[in-house]
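Please look over the chain shown here before reading on.

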Amino acid sequence: SAYFGGGNAAWRVETLHSLGFDGTMLTEDIDISVRALASGYKMEMAPFLQVGEMCPINLRALYKQRLRWAMGWEQVTLQRVSGLFSSPHISEPRKWRTMMLLVSRYITLVSSAMGVFNLLKYYFFNFYVPKPCEWMALGSVIVTMLIIAAMTLVLFRHKEPWQRWVSVYAFMAVALFYFFIQITLIIISQFRLTCCAGRAMVWVPTSRGKGSSTAPPPTIKSK
């Protein structure tokens, strides 16, 4: 199944009214996706459709946006997993696939950490490590190569322009730095969620340039 990641989606109005938005969640898109899947709804992906959006107005707005995303993913993972696995409306394979969606960020972070480990061991420091760690490091290299191969196949099949190829490979080249930022955001989000336990979380829309609205979205209540 696909999931709604906030960029673009076409929802049935009756589905939105049935599920409603949870105002305490910081990433309403991921939250309503998981609840929809747990309720038996199906989502389909339209891979050839593209949508653009305005970037955050400055680095401060970008940081706040990414921190809210990190905290929101943690919220959904901690609060919705039990409901997902206890739901009678979704098959066991789909439960585990949805679970993998929620924890995939940890898998990529571990893989990138092992990549850094490889660089330190083989190019800068020659220190002893247990065999299991070496196998994990080798596994991270294999995963990275598979990701590169998969992205190349997607670019080729979609007949993307050369600019898209350059941007994708450029991102892969700086992926370790990006994942370092993600690790930092996850640590900060865990700390803030722990400190704010029991308190209402306020969702503040990202400032996106001149004329962009920062008003909260309209409330859609459950029936």
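Thr27 is buried, its relative accessible area being 2%, where buried stands for under 20% relative accessible area, exposed for over 50% and partly exposed for what lies in between (1.4 Å probe, protein chains only). The model is a predicted one, in which local features need pLDDT of at least 70 and side-chain atom pairs count only at pLDDT 80 or more, whereas totals for chains, interfaces and linings use all residues. Residues are numbered from 1 along each chain as its sequence is written, and side-chain values use heavy atoms, with hydrogens and water left out.

**Overall architecture**

- The protein chain has 7 helices and 0 strands, helices being DSSP runs of H or I with at least four residues and strands runs of E with at least two, numbered from the N terminus.
- Along the sequence, the elements of the protein chain follow the pattern α-α-α-α-α-α-α.
- Of the 223 residues in the protein chain, 31% are buried.
- Among the contacts in the protein chain with a separation of 6 or more, 69% are between residues 24 or more positions apart, a contact being defined by heavy atoms within 4.5 Å.

**Thr27 and helix H2**

- Thr27 sits in the loop between helix H1 (13–19) and H2, and, apart from neighbours within four places in sequence, Thr27 is in contact with Arg68, Trp69, Gly72, Trp73 and Val76.
- Helix H2 is largely enclosed by the rest of the structure, because 10 of its 11 residues are buried.
- After H2 comes Gly40, which has a positive phi, near 100°.

**Packing of H2 against H3**

- Helix H2 (residues 28–38) packs with H3 at an angle of about 10°, and their axes are 10 Å apart; the axes are lines fitted to C-alpha atoms, for helices over the stretch in contact, and angles run from 0 to 180 degrees between N-to-C directions.
- This angle makes H2 roughly parallel to H3, since angles under 35 degrees count as roughly parallel, over 145 as roughly antiparallel, 65 to 115 as roughly perpendicular and the rest as oblique.
- On the H2 side the contact is made by Ile30, Asp31, Val34, Arg35 and Ala38, and on the H3 side by Trp73, Val76, Arg80, Gly83 and Leu84.
- The residues of this contact of H2 with H3 comprise 6 nonpolar, 1 polar and 3 charged, where Ala, Val, Leu, Ile, Met, Phe, Trp, Tyr, Cys and Pro count as nonpolar, Asp, Glu, Lys and Arg as charged, and the others, Gly among them, as polar.

**The second largest pocket**

- The second largest pocket has a volume of about 440 Å³; a pocket is an open set of points on a 1 Å grid over the protein atoms alone, with protein on both sides within 12 Å along at least five of seven lines, and a volume is the space filled by probe spheres set on the points, which are joined across faces, edges and corners.
- The second largest pocket is lined by 18 residues, and Lys64, Arg68, Arg192, Val202 and Val204 lie nearest its centre, lining residues being those with an atom within 4 Å of a point.
- Helix H3 (residues 59–86) gives the most to this lining, with 8 residues.
- The lining of the second largest pocket is made up of 10 nonpolar, 4 polar and 4 charged residues.

**Other residues of H3**

- Thr77, also in helix H3, is buried at a relative accessible area of 13%, and Thr77 touches Leu102 and Arg105 when residues up to four places away in sequence are not counted.
- Arg60 lies in helix H3 and counts as exposed at 58% relative accessibility; Arg60 and Thr206 are 146 residues apart in sequence, yet 9.9 Å apart in space, C-alpha to C-alpha.
- Leu62 of helix H3 is partly exposed, with a relative accessible area of 31%, and the C-alpha atoms of Leu62 and Ser207, which are 145 residues apart along the chain, are separated by 8.7 Å.

- Leu101, in helix H4 (residues 92–124), is buried with a relative accessible area of 18%, and lies 67 residues from Val34 in sequence but 9.6 Å from Val34 in space, C-alpha to C-alpha.
- Lys159, in the loop between helix H5 (131–157) and helix H6 (162–173), is exposed, with a relative accessible area of 73%.
- The phi of Lys159 is near 55°, a positive value in a residue other than glycine.

Conventions
1 Å grid on protein atoms, 1.4 Å probe; cavity = no way out; pocket = protein on both sides within 12 Å on 5 of 7 lines; lining within 4 Å.
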